[in-house]
Structure formats: structure tokens, C-alpha cells
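Take a look at this structure with its sequence beside it.

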Amino acid sequence: MNPLLQVNNLHVAYPSKKFFKPALEIIHGVSLDLAPGETLGIVGESGSGKTTIGRAVLGLAPVTKGSIEFEGKDISHAGKAERRKIARDLQVVFQDPYSSLNPAMAVGDILSEPLVTLGATRADARRRVRTLLDQVGLPHDAADRLPREFSGGQRQRVAIARALGPKPRLIVCDEPVSALDLSTQALVLELLLDIQRETGVAYLFISHDLAVVRHISHRVAVVYRGEIVETGPAEDVTLKPEHPYTQRLLLAAPIPHPVQQERRRAERLRLREQQREQHEQTAVGLSRA
Amino acid sequence: MSVEQLTADPDLEASARTPLWKRLAGDPQAVITGAILTVIVLVGFLGPFFWTHDPNAADLNYANALPGDPNRPLGGDQNGRDILARLLASTQTSIIAGLIGVIVALLVGVTAGLVGGYLGSKTSAVTEWLFNLVMTFPGILLLILLMPVTGGDYRVTMVIYGVLLSPAIFRIVRGLVIATKGELFVDAARVSGLTDTRILARHILAVIRGPIIVASAFLVGTAIGVQAGLAFLGVGSSAVPSFGSMVSEGFTNLYLRPMQFLWPSITLGLITACLILFGNALRDALEGGQKNVGGRKSRRPASSARPLEPIPSEENALLVVRDLQIGYPASDGTVRPVVKGVNFTLNKGEILGLVGESGSGKSQTAFSILKLLPAEAVILGGSVWFDGINLLEASERDMQKIRGRRIGYIPQEPMSNLDPSYRVGAQLVKSVRATTGVDRKEAKARVMELLERVGIANPERVYRSYPFQISGGMAQRVLIAGAVASRPALLIADEPTTALDVTVQAEILDLLRDLQKDLDLAIILVTHNFGVVADICERIAVMKDGRIVETGEAVDVFDNPASAYTKSLLAAILDESTVRADRPAALAQKQE
């Protein structure tokens, strides 16, 4: 099967604001692929570059090298007109449900605007908005209200509805549940899973939280300092990681139970010692060589 | 599928739904100044239809006539012209001048601001340079020099003045556009394939219009003032009645007929004063500058009338919180409670986890122990006993002896709690000296020792660093060092690891655990994260809607939660067993 999204040797660098200073490279050669209807989780810590990968796919970050193929076409340097065409199939849900919705627009307008841009009539767009609100579990009268009248979880539902509007094939989800409370987080994840089963949309799911990624992803890629250090089926990567960094990441995440967590803590300290010794040995080895 | 209840905040809803004019109608300042301005505009434009005297018709019979004559109700000026008719005509002149000035300023300033702020750095630099150049022009002088070009027509003059005013609007718009274009909703619009013009009009201009409207109200006043000033200097056609020329003529006649000077001055003063006050009211309405509605009376702690309550003396208790109630003033004048009677006891050397979701009142509870609640918060009742005194009734001076010395504090955002303009070491030395009173040298030695104690590998380097030169985890270590410097008995940690990565979080929790053992600290850890609680807390208090719904030993609460709410929270946790099992739809179909 042809992948829906194929990223090859992606490099992203932001030009420096100062003269005579080289551009700052954030992503150093990342490759990944995503099948239709699949969820690829991208996990990493702050500054690892995980968000930048998503932004590059969306055309919001400057690609300096490599290719991003979506539905077989390279979109890494797509122009505005081409982007507008891609928008039908490629959408986004951002982390912060507070700044991702225009505070001056009613929810109905937020949802219908992209549809009208893509050529729907006003009446069609209005009908579609009602279906979308149903799909994300919001009442119809939400369309006439402003974003600030909703809680964080409800706003994130609006953002998901906006992404679903044009019936896309891929949604880039950038930390979509990180700003939400625990119980709301579970509900929104459940919603994303339901939608995927219903519509067959694929997710590029970016998160710092291993537990969240494990819950929603078929496959997981671990990003560390702008590179993918480990990738594979969700269960393997998030429960039996091979790369030392992923191991550290897994053991650092506390288990919500005092007794189990005590055990994990001991395990983490043991791993830390072990990795330190290995590090010293290789350092000694290198200095000898 | 689960549907969340639409429990929108009633306050927010009110402000979101009410249109601008309705919010203005509730503000006496807006109503009064708005009414005066409306009356002045109406009288200025409709008045001449009822009072048809020619403002320029001189009749020496009426020269310096006193007020009260049926043909010259407000008297005549030195040429015998009707002062009332001249006032009406001058009002028109002023208003037209103000509007021309501000409309031109808006057209030029908003367009250039949007383009300069949104497009690339080159366009931005060029527009900014152009407007800086315009700002260097000496405004009034330029208008006088351009007299031959304008031909003395005040309207042409105001068009030029509008251009001179436009940098004020340009700078506001450009700043706001730059701030707004980084917002995620603009990114979302770009991903949706919207054109730049549409994004600028619908997503950026609509969001930033408030400050522009407010600035415009002030600029109308400025433009009117400048037009009058030019006329006062005698620049422009004398055939057009204007407050400026009336004042100037009245000035020469000041000792004979002071009223000739007074009429135009009063009207002009009234117009500009009303514009400024109306602009202020507009800003309050548009930018949510909330008026203080709570009233001072409600600030008094209700509990102050109960001094006879015995000091709870539980053995080993360090901190006893009894029936703590905190509220915030709502827009309808009532006080809305957010903490509704919280009770708990903290023993010496114990770590208590205060867990809850956002809005549960957990942070409010913690801050009330430090007495660091926001100024508008109202303590509605209860007591917080520490070392035998009720902190809620302690004076600010007593609190200064306790805060930072007996009770330490670790914040959620380490970076925003360090002053970016001072070196880390200097900040720590200052706080150590404030709490212990040792000299500078000893304080420095103490700080170095502390930095090493909190696990900083190179204390000397961190000591000399500015906050932006160290990482978030390092900054949190620095703050912990500061918090334990005076060997406090109690540490309040408000989501101390929420802003940090998990690997750093684990290390910070290790550090807190070590310090707690070494110093026999009691810690109140406010968090929403059950993993953090499981890692470090001995006891847990679960909060919901301003109440503690459950409290107990950590293991017991995790194994046998008593309240339904705790059960639902624990059920929402994604533990290691929740691995996605189903295959991608496309692959599954292919197999079938």
C-alpha cells in the first residue's frame, strides 16, 4: 500500500536574525511514513523538534532539505495556491485551545469559513457545521456562541470539528490534549479514536506524554535533539524501548500508584547508574583509542 | 459519545454576548460624555436650519453687543457678527476637521500597519522607516508652510494633518499585528488555505480593532485641537468660522467683553474633554477594564468576629486549616466562592498532595497559607493555624517574618519567578540576607553550598549566570535552593514540575524527596498529576469545586478511593495497560 505521507531526510532550519550567523537547524534529517487511517505518534521532550516536524508538514516551517510527499506529491515547497488545494485533505489541531480559535468569531463562522474558502455554498456550509457539531458532541446552539463561552475541552472539540470540516485524509494533532484536565483528556482522546474508526482519517499525533501516545498510536517515533532515535509498533516502543533515551523517558514518567512507582523509581535510578557507567566506559575507550 | 455539560461561566457569557453599545450604556461616564457629544453634533449640524443668521454677516450696529438681544442672543463680536451663529458654524468646522483628520490617519495607518506587520521583514522595515520619517516632521510648522498648497482650506490642511497623525495608528496596528500573527488561530487559517487578505481582514483586524477604535477617539480630539490652534494663529481662510479664530478675536477684546472669549473656549473645551473621557470609557468597554465591583466592605474577613475559637492543638500538627472559604467578586456585585470550607491538618515532616483539576480551588488554598492571594480575593471565613497563630489574621509585618523564613514557596513557572535583569547568584544572596541577616560574604558561601546541595554540577557558573542562560530544570533547582535557604518548616510547591519535561520532573522530585528527609520539611504539593502524587506524597487530599472530597494515606486513596469523584479521576488515567490494539483501517481492510 502506498503511504499517505512520506517524509524523507527532512531538514528544517530557521534563518538567523543577525548578520553573519548561520541558520539554526532544528531538524537534522528525519524520515517517516504514514499509511491511510493510521496514527503515528511522535513523542519527545521540549526542544526536541517534534512540533517542528508537524509544522513542516503543514507548510508552517521552512524546509531546507529533504522531501515531504503527501498523496504522492512533494509538498515541501508548495506555494499558496497549492497549499489551498492540499488544505482539503490535510488539517491541523493545535495544543492550545485558547489561542487556536479566533476570539472575535462565533463558533459557526470558525467552522464554516474554511468550507466556504474551499468552494462550499453558505447553505451547504451551515448544514455541514451542524453535522460536525454532532460529530464532536457539541449542541447545535454552540454555532452562535463565541469561543470564550466554552471550557478548554469544548474548545478543543471545536478545533477538532474545524479540522474535520473538509473531510481530510490526514490531521496533524500537535499536543491536542496537553492543556486539558485529566478527565477531559480521556474524553477528547476517545473522540479522536471514534472519529478515526468512523472516517478513516490518519493522525500524525505529536505529544510529550508517552501514556497518551501509547493510547492513540499504532506506531510511535521518538524524537531526540532533532532526530528520530527509535520507531516501531506502539507497544514495543512505549513499553519495551531499546534506545537509552526512550528508556529514560519511559522510566521517568511516574506511574499513578505509590507502590508501583517506588519500584519504577528504583529501576530508573539503576538505569541511570548503568547508563552513566556505559558512558564513562565509552569515554575511556575513546580516549584510549 | 460523551457530551460535556455546557456549563459556561455566567460572567464570561454576559460580557461575550452583550454588544458594545449595551456595555457602554451601563457606564455613566460613557453615557454622559456620549450624550453631550451627540447634542453638540446635532446642534452644530441642525442648529443652522433653525437659527438662520449668517455667521459672517457683519453689522456694526451690533458691534460688541451684549447677550440678550433678540438678533444676537449671545451678543455680537467686534465686527457685529452673531456669536451664536458663529458658534454653530465653528462646531461644524471642528467636527468635520476632526473626522477628516482621523479618517485619513486610519486609512493610511491601518493599511500600512497591516501590511508592514504581516508581510516579510523587508516590507516591514521599509514601512517602519517611512513612518519614522513622517514622525520627524514638525507638524504644525509644516502645515503653516504648506499654506500656499492648501490654499487656506482647512479640509485640505486636515488631510495633510491626518497623514502626520497616521504613525500613531501605524505603530499600534503594526505592534498588534505582529503579536497576533503568531497566534495559533492565524496558523489554523493559513492551513485552511485562506488568502492573506482574508486572514488580515477577518482574523487579524477583527481581533485588534479595540485599541484602534480607542486611539481614534483620542485622535479626533487632537485633530480638533490642532485645527483650532491653526485658526488661532490666523492660518487659513478667515471666511470659515472656527473656534480658533473666535478665541483669537475674543482675546483682543478680553477686557471689554470677556464673554466673547469664553463662549468658544467653553465649547471647544467641552468637546475635547468629552472625547477623551468617552475614549477612556470605550477602552474600558472594549478591553474589559473591569470596574471594581466588589466593594471594600466585603473584603473584611468574616471570621474576625470569632477570636474565641480555640487554637487547634493536635499533636505533631504543623499546619491546621479549618473551614477555609475564599471568594472572588463577580460582575453582578456578589462574591462567588471558589474555596468552600476546606479542612485539613499537616503534620511536621509530612508531604501532602493537594490534587484536583483546574478550578478546583487547590492553588487558592495553597496561596491563602502564604497570604499571597490576588488583591481582589476575599477571605470569607475560616482559619489557618501555623506555629500557634492564625495566618489569616496576621499582619503583613508578621507575615513577612513567616513567609520565606518559616514557610518556603516553589512556583510553577521557575523562569517567571527569577528577575531576568539580575544574576542568579545576586538574587539568591539578596533573599538569603533578607531572611537570615548574615553579611554578604557569608551569604555567598551559603548560596554556593545550597546550589551544590540542590544538585547543580557547576555552582560557580550558575551563580554568575543570568536566568535566561540556564534551563528550566536548573531554574527550578535554583528556586528550590532559595526556598530552603532559611531552613523552613513548611514548603508550598504549586505544580512545581508541570512546566518541566518528565525526565527533569523525575530529578526535581528526587531532589524534593532528599531535602525533605534531610531538613525534616513538611511539603504541600499542589498538582493535577496523579503520577507525581504517587511518587512523592504520603497523604492526599482530593479537591473538587472548592471542597476536599477525600483525604487519606496515598496508598489507600489509590487502592480504595472512597469518593465517586476520585474513582472517576483514577479511571481517566491512561496507564500502561491502555495500548492501542486495533489495526489501521486501511490495513485491516486489505487483510479481509
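A:His11 stands opposite A:Lys65 in strand β4 of chain A. Strand β4 covers residues 63-70 of chain A, and β1(A) pairs with β4(A) in the antiparallel sense over 6 bridges. Strands pair here if DSSP finds at least two bridges between them. Helices (H or I, at least four residues) and strands (E, at least two) are DSSP runs, numbered from the N terminus. β1(A), residues 5-14, also pairs with strand β2 (residues 24-34) of chain A, antiparallel again, over 8 bridges. There A:Gln6 has A:Asp33 of β2(A) as its bridge partner. Strands of a sheet pair through backbone hydrogen bonds, either parallel or antiparallel.

Some ground rules. This is a predicted model: local features need pLDDT of at least 70, side-chain atom pairs count only at pLDDT 80 or more, and totals for chains, interfaces and linings use all residues. Residues are numbered from 1 along each chain as its sequence is written, while chains are lettered from A and ligands numbered from 1 in the order in which they are written.

Now turn to chain B. Here 6 strands form an open sheet with mixed pairing, in the order β6-β7-β8-β3-β9-β10. β6 (407-410) and β10 of chain B stand at the edges. Each has a single partner strand, so one side of each is left without a neighbour in the sheet. Neighbouring strands are turned by 15 degrees against each other on average, direction ignored. Axes for such angles are lines fitted to C-alpha atoms, for helices over the stretch in contact, and angles run from 0 to 180 degrees between N-to-C directions.

β3(B) and strand β8 (residues 522-527) of chain B pair in the parallel sense over 5 bridges. B:Ile351 stands opposite B:Ile523 in β8(B). β3(B), residues 351-355, also pairs with β9(B), parallel, over 4 bridges. In that pairing B:Leu354 has B:Ala541 as its bridge partner.

What stands opposite B:Ala541 in β10(B)? It is B:Thr551. β9(B) and strand β10 (residues 547-553) of chain B run antiparallel, joined by 6 bridges. The two form a hairpin with 2 residues between them. In the turn, B:Asp545 has a positive phi of about 50 degrees.

How covered is β9(B), residues 539-544? 6 of its 6 residues are buried. A residue is buried if 20 or more other C-beta atoms, placed from the backbone, lie within 10 Å of its own. B:Arg539, B:Ala541 and B:Met543 lie on one side, and B:Ile540, B:Val542 and B:Lys544 on the other.

Next, two helices of chain B. The axes of α5(B) (residues 121-136) and α8(B) (residues 154-181) come within 9 Å and cross at roughly 130 degrees. That makes α5(B) oblique to α8(B). Angles under 35 degrees count as roughly parallel, over 145 as roughly antiparallel, 65 to 115 as roughly perpendicular and the rest as oblique. From α5(B), the contact is made by B:Phe131, B:Val134 and B:Met135. From α8(B) come B:Val163, B:Leu164, B:Ser166, B:Pro167 and B:Phe170. Residues are in contact if their C-beta atoms, placed from the backbone, lie within 7 Å.

Finally, the chains meet. The contact takes 54 residues from chain B and 66 residues from chain A. α9(B) gives the most to the side of chain B that touches chain A, with 6 residues.

Technical notes: Buried ≥ 20, exposed ≤ 12 C-beta atoms within 10 Å, placed from the backbone. Contact = placed C-beta atoms within 7 Å.
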